[in-house]
Amino acid sequence: MADSGVTEGPDKKEEIDRAKSEGKELTKEEKQRLRKEKKQQKKNKEKKDDKASQESEKEKKPLSSPPPASQPPPQSTTQKAPSAVPAPAPVSVPASEAPVPADKPAKSKAELKAERRARQEAERASKQGKKGETGQQAATSKQKAPPNELQPVVKRLPEHIQVDNPDVLKKLAKKLERQQIPLRMDYGYKVSLFSHLHQYSRKAPLTQQVSIPSTVIHPAVVRLGLQYSQGIVTGSNARSVALLHAFKQVIRDYTTPPNEELSRDLVNKLKPYISFLNQCRPLSASMGNAIKYIKKEISNIPSQCKEEEAKSKLLNCIECYINEKIILAAKAIAKSAIEKISDGDVILIYGCSSLVNHILCEAFEKSRKFRVIVVDSRPRLEGREALRRLVQKGISCTYVLISAVSYVLPEVSKVFLGAHALLANGYVMSRVGTSQIALVAKAFNVPVLVCCETYKFCERVQTDSFVSNELDDPDDLIVTRKGKTHLKDWQEVPSLGLLNLVYDVTPPDFVDLVITDLGLGMIPCTSVPVVLRVKNVDQ
Amino acid sequence: MELQAVLMAAGGGSRMTDLTYNTPKPMLPVGNKPLMWYPLNLLERVGFEEVIVITTKEVQKMMSTDPKMKVDVKMKLDVVCIQEDGDMGTADALRHIQQKIKTDILVMSCDLITDVALHEVVDLFRAHNATLAMLMSKAHEFTETVPGQKGKKKTAEQRDFVGVDQSGKRLLFMANEADLEDGLSVRKSIMRKHPRMHIKTGLVDAHLYCLKKAVVDFLTENKSISSIRGELVPYLVRKQFSKTTDSPKMKDDAEDQTQKKNDSSTNHELLISSRDEPLLQLAQERSCWNDHHGDMSEAYHGGKLRCYVHIMDQGLCYRVNTLAAFIEANRLAPKLFEEPAVHPSAVISERCQMGSDSIIGALCQVADKTSIKRSTIGNSTTVKEKVKVTNSIIMHGVTIEEGCNIQGSVICSNAVIGRGADLKYCLVGNGQRIEPEERGGELAYQTEQPN
């Protein structure tokens, strides 16, 4: 039912649409003008006491932000329009609300309008409040500039980076309770920049709260979780392989309950195990991809397949996955990488990457003459393990700590880095310290080569190391020298926080080449989204 | 299923015959609960639902009539009876129930009273894929005078030498003083792999072991091993460092040569690997973790057999196998639980002085003008007027007539203490009658032991 308010509406709508389609934000004047017109509209409508009109909600955000999504067009006989969905916010703003369903019977329209307005005001106020809390974070995190956020897509932030939001915590607790997995408590004071992440203590393992002959969780998964949280299985590849091994045991011991289908029930059985492993240690990108693959394979099992056959098929799939994505990929990458290693090279590596170690050992076997400088950092000191493996092979190595990197770089000819994940915008996520090495190498004009299998390519986008990271046990930073432990009582000092970051993100400008498998060989960092797209098309 | 619990309750209590000649050790009352209730309670609290109990027929009969066991123990007890003649060692008992064992086992002894966080031991077993994980605790000196013994008789306790690595978790060496005739010798292979070893002597073994199923299978093959503690554990600890036929390492001491033949034949049984061994191997290779630093070998030195120990330094851990331990346990066991010291059904007169650290059992009758301090009174006991009980343990069904003075003593079940008796540090056996006006100090009253 058209009314005068609506006739004004479409013009304004066109304007707004035009502005949005051009990808521009509405300037302040435009916004003001729109607001005035809106008020006019409202007054007209109230006078006429007509059906509800849409209120185009322009939330004024202090930070530059994309305009909020528009509502569906007004014209029809809709009783109430759903209130506007707040736009997909930049990462700093916590989870957005879902559109409120709009079926309210018999109340009078004016009352309903007033109610709705009051509700929207309340939401706006609460949002401002939340923004105040996370304002610090927002100031530091880079602004994502999504140019064309027109559609009302509700982007939800993953729960593991919203630990300071009590609602999210409550939801997580409920979910874990439903799955009968214990909740692991956070430990110690968290540095404010990272208070949105979990921080656990190694001395309080999750197995404290699990019954000892674990019945809810498969014993292989409990063992795996324990090994993750104690650091016995570390490294992206090792964690994935161990995960798939545990899943093999689970599938072997699985029996389909009556009246259930294997394809659906097994996936449901795996969900609590994955939550448990997540509680022990946040899942890595490679593990996430492996889990996606398994879930897909399980749900693709035809329903008439017998249980034994299905199980053997799944076990076979897992074997193939490991073989293709990890073992053969390592071989292919080594082959490409060895071309880049020439005689007389001085290669710098950081920490302990299983792939880089493999490459260097292979190159040494193919009689390339080179020497290696191993850079290491506290508190993990993983470089010692890399050093051991290389020296055992016979490669001549030098060992320095990361503080000496700029002293050592003038003699380095190449830098080989491993990666935990390659993000969709070309950033490399790796052990903390990697971006530092890449930066200094860039300053010295030393080529940086990142070696990464394709199964670690991840669709996430990240431009900084704050938003999504992992906090390790802060007590690892405490060291005892000459019998004295100065930081023993760090928790009692109120202004002291210990921060033990695990990952950091390296921009693609510092990376010269990515060596990967799947026949791609060497690609620039920015081709990662292309590879992802091609992979998705294949699957 | 991950772990099966096995409770060894067939032991004779050979070191406290004064108490056990009539009541079998597992049913001795400690804090008014039978001794085997404590390990069962620990297992129940941790989450076990079934326990295999290896015991004698006598104990089984007593178990079925004891109210505490029937009501409080909610788990399913699978009782396996063995002969009472006592020739069966703990390892023999495991061999006996080999059919029932389907997974890794957790073996406990019935005389263990502890409040350990069991997950510490089991986590070592799980995380490192260990063959053996055990519990030990710092030994406490028993300060109470042991009744029934004239003078302090210190039996020459054979010390245990336990060698652990730097982290204090890996078990490297275990030997009893009795086996070491002329000094403690440590193999070179151990020193090469673990240059720093801490050797401890003041530890008490809690007899709590997590064993892999392969060990039980190994026991069925090797019938010569009869005791877990005495033979199996030292054997496993030694085997960690023995040469395997497929490892091309240098030869060690000459004694290894003779052992080698035996070792290699039994090696493959103990190291039964999982079906996905190559995957586990791959995961370990790719993982950048090592349990030691400073030499060129991989994690665990490539050894597949690993023994771990968790050493408790705080908390209760008692093995009630001597009289002194029994008394100490009675003193401390009530502190483990939040139960009221006085049983609701006991009848205590108002003019009785009761210390807060005393326990009164069910259906007791305590008359006026009595004083009970630091003592444990069992069920259905009658204490008449003007009795002073200090530092003593009174078991069930005892009658104490008026005017008695009992100090530091242990009175077993169904005994009768005549009026006016004065007992200091005495041990009164089952069903004994103490004459009135008896003056006793450091004596043990018992009938001749039935043959």
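Which residues have the most contacts inside the largest nonpolar core? In this predicted model, they are B:Leu19, B:Met36, B:Leu43, B:Phe48 and B:Phe326, and the core that holds them has 68 residues. In soluble globular proteins, nonpolar side chains tend to be buried together. Apart from its neighbours within four places in sequence, B:Phe326 is in contact with B:Met16, B:Leu19, B:Leu28, B:Pro29, B:Val30, B:Val320, B:Ile393 and B:Met395.

Chain A has 539 residues, of which 50% count as buried, and its secondary structure comes to 15 helices and 10 strands. In chain B, buried residues make up 54% of the 451 residues, while the secondary structure consists of 12 helices and 32 strands. For chain A, 75% of the contacts between residues at least 6 apart in sequence join residues at least 24 apart. For chain B, residues 24 or more positions apart account for 57% of the contacts with a separation of 6 or more.

Where the chains meet, 34 residues of chain B are in contact with 39 residues of chain A. Together the chains bury about 3,300 Å² between them, with 60% of that area on carbon and sulfur atoms. On the chain B side, the residues that lose the most area to chain A are B:Arg126, B:Arg286 and B:Cys288, which together make up 24% of what that side buries.

Just after H6(B), B:Asn129 takes a positive phi of about 55°.

Attention now turns to empty space inside the model. Rolling a probe the size of a water molecule over the atoms shows where empty space is left. The largest cavity has a volume of about 300 Å³. Its lining is made of 23 residues, and those nearest the centre are A:Ser236, A:Cys352, A:Ser353, A:Ala419 and A:Arg431. Two or more lining residues come from each of helix H7 (236-252), helix H11 (354-365), strand E4 (414-418) and strand E6 (428-431) of chain A. H7(A) gives the largest share, three residues. Sorted by class, the lining of this cavity has seven nonpolar, 10 polar and six charged residues.

Is B:Val162 buried or exposed? B:Val162 counts as buried because its relative accessibility is 1%, where the cut-off for buried is under 20%. This valine lies in strand E9 (residues 160-164) of chain B. Beyond four places in sequence, B:Val162 is in contact with B:Met136, B:Leu171, B:Phe173, B:Met174, B:His198, B:Ile199, B:Lys200 and B:Leu203. The C-alpha atoms of B:Val162 and B:Met136 are separated by 9.9 Å, with the two residues 26 apart along the chain. B:Cys81, in turn, lies in strand E5 (residues 76-81) of chain B. Its relative accessibility is 24%, so B:Cys81 counts as partly exposed. Leaving out residues up to four places away in sequence, B:Cys81 touches B:Thr55, B:Thr56, B:Lys57, B:Gln60 and B:His96.

Some details of the backbone complete the account. B:Asn32, a residue other than glycine, has a positive phi near 65°. This asparagine lies in the loop between strand E2 (29-30) and strand E3 (33-34) of chain B, and at 14% relative accessibility B:Asn32 counts as buried. B:Tyr425 also has a positive phi, about 55°, although it is not a glycine. B:Tyr425 is found in the loop between strand E28 (422-424) and strand E29 (427-428) of chain B, and with a relative accessible area of 25% this tyrosine is partly exposed. In chain A, the peptide bond from A:Arg378 to A:Pro379 is cis, with omega near 0°. A:Pro379 has its place in the loop between strand E2 (370-376) and helix H12 (383-393) of chain A.

How values were computed
Residues numbered from 1 in each chain as written. Chains lettered and ligands numbered in written order. Predicted model: local features only at pLDDT ≥ 70, side-chain atom pairs only at ≥ 80, totals over all residues. Heavy atoms only, no water. Core = buried A, V, L, I, M, F, W, Y, C linked by side-chain atoms within 4.5 Å. Buried < 20%, exposed > 50% of the residue type's maximum accessible area, 1.4 Å probe, protein only. Contact = heavy atoms within 4.5 Å. 1 Å grid on protein atoms, 1.4 Å probe; cavity = no way out; pocket = protein on both sides within 12 Å on 5 of 7 lines; lining within 4 Å. Points joined across faces, edges and corners; volume = space filled by probe spheres on them. Helix = DSSP H or I, 4+ residues; strand = E, 2+ residues; numbered from the N terminus. Nonpolar A, V, L, I, M, F, W, Y, C, P; charged D, E, K, R; others polar. Buried area = accessible area lost by both parts, 1.4 Å probe.
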